[in-house]
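Student: I'd like to learn how to read salt bridges in a model like this one. Can you walk me through it?

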Amino acid sequence: MKSQILEAIAKALVADGKGILAADETVGTLTKRFERLKIQSTPETRRDYRELLFTTPGSADFISGAIMYDETIRQRNSKGVPLPDILVEQGIIPGIKVDTGAKPLAGAQGETVTEGLDGLRDRLRDYRAIGARFAKWRGVFRVTDRLPSEMCVSANAHALGRYAALCQEQDIVPIVEPEVLMEGNHTIDRCSEVTGNVLHSVFDALYEHKVLLEGMLLKPNMILSGSSCRTQASEMELADATMRCLLRHVPAVVPGIVFLSGGQSDVMATKNLAAISRISTSKPWKITFSYGRALQDQALATWSGNEKKYQPAQQAYYHRAKCNAGAAVGKYDATMDSRFTGEMVPTHHPDSEDD
C-alpha cells in the first residue's frame, strides 16, 4: 500500500503538460528579492505573494505541485484558510523543502554539504499532518578543473539517500535534487562529466538506502556550458548532452525528471526545456520542470507589493507556467512569448464543479 501511494503521487506530479512551482525560498532569500524591488519583507507580505501565486486562476492546468518553505506551509490567508488547503482546492499538490541549507564541508575548501537530517523523521511526520505529500532536498556541487571532490560528492549523495528513505517511510515522495552549478568557466563537456559522476553516486546511495525508485522524482541540472565559458553550447547541443547523460545514469523506473532552472533566465529555461523535450530519442521517464525564479520573476516584478498589480502579476505567472507546460511536451515556440501582452487568465478553473 505504501508503494502504491508513493507511486501515485509521483506520477501525478509529472502528469502530461504539468510541472512544479518551487516557491520554497527561505526568508532570507525572498527578503533579498523583495528589497531589490523595494518591497517590505514581513510574514504578511511574504504570505500575500505566495497566495498570489497559489490562487492564480487556471494555474492548476499547468502546475501539478508547489514546494513551500517551513514558514509558508504553516501560514493562513486573511480568511484563516491554511495555504496548503488553498493549494489542494486549486488541484495542486502541496510540497515542502526540508533541508536546512548548504554549509561549508570540513576539509574541503570551497565546497559544501547540505544539512538537515537531524530530527528529519519528526519534521516529516509533522509536515505530512499539515498537508505535504512530497518534499525536496538540494545538494550543491561547484565545478572547476578539480572540483567537486570525491568527498563532497559522497557526502551529499549519502545525505540525499538518507533523506529520500526517511521521506518514503512517512509516505512522502522525495524529490532528489543534485545541482551541478552553472557558475564557472567550465565547458559543456566538463558539466556532463561532473553531472554523470554525481548522478552515479546519488543513485548508488539511493540503492544503498533501499529507496523505492518508482516513488521518487529526480530534479537535476541541465547539461550547460558554465556561465563564464567563452563558448556557449547551442540549444540542440545542450539537449543532446543532457539526454545522453540522463540515459546513461538515471534508471528507467524513475517516474519523472523535473529540471531545475539553475540561474537561467525565464525564457531561456523554457527554450532549453522545449529543446530537450523535442529530442527524438525514446525517454523512459516523464520530462518536465520544477522552476523557481524562472516561473516567478516576471510575476514578482509586476506585483512589487502593489495590491493594484495583483491581477497583472497573476497574468504574468499564468503565462510563464503555460509556456513551460508547453515546453515540457515539445509544444512551445518563441512566438508564445512575443505575443504576450498581458494574457488574461481564466475567471474560474476549467475543472471546477461549475463546469
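Tutor: A salt bridge here is a side-chain nitrogen of Lys or Arg within 4 Å of a carboxyl oxygen of Asp or Glu. The general idea is that side chains of opposite charge can pair when their charged atoms come close. Keep in mind that this is a predicted model.

Student: How many salt bridges does that rule give?

Tutor: The count comes to 19. Take Arg74, which bridges to Asp70 with the closest N and O atoms 3.1 Å apart. Arg74 is partly exposed at 43% relative accessibility, and Asp70 is partly exposed too, at 27%.

Student: And what about Arg47, is that residue buried or exposed?

Tutor: Arg47 is buried, with a relative accessible area of 17%. Arg47 pairs with Asp48 at 3.0 Å between the closest N and O atoms, and Asp48 counts as partly exposed at 27%.

Student: Which parts of the chain does the Lys219 and Glu177 pair tie together?

Tutor: First, the contact: their side chains meet in a salt bridge, 4.0 Å from N to O. Lys219 sits in the loop between strand S8 (217-218) and helix H9 (235-249), while Glu177 belongs to strand S7 (residues 173-180), so the bridge links parts 42 residues apart in sequence. Lys219 is buried, with a relative accessible area of 3%, and Glu177 is buried, also with 3%.

Student: Which residues are joined with them through shared partners?

Tutor: Asp24, Lys136, Arg138 and Glu179 join Glu177 and Lys219 in one network, built from salt bridges that share partners.

Notes:
Residues numbered from 1 in each chain as written. Predicted model: local features only at pLDDT ≥ 70, side-chain atom pairs only at ≥ 80, totals over all residues. Heavy atoms only, no water. Buried < 20%, exposed > 50% of the residue type's maximum accessible area, 1.4 Å probe, protein only. Helix = DSSP H or I, 4+ residues; strand = E, 2+ residues; numbered from the N terminus.
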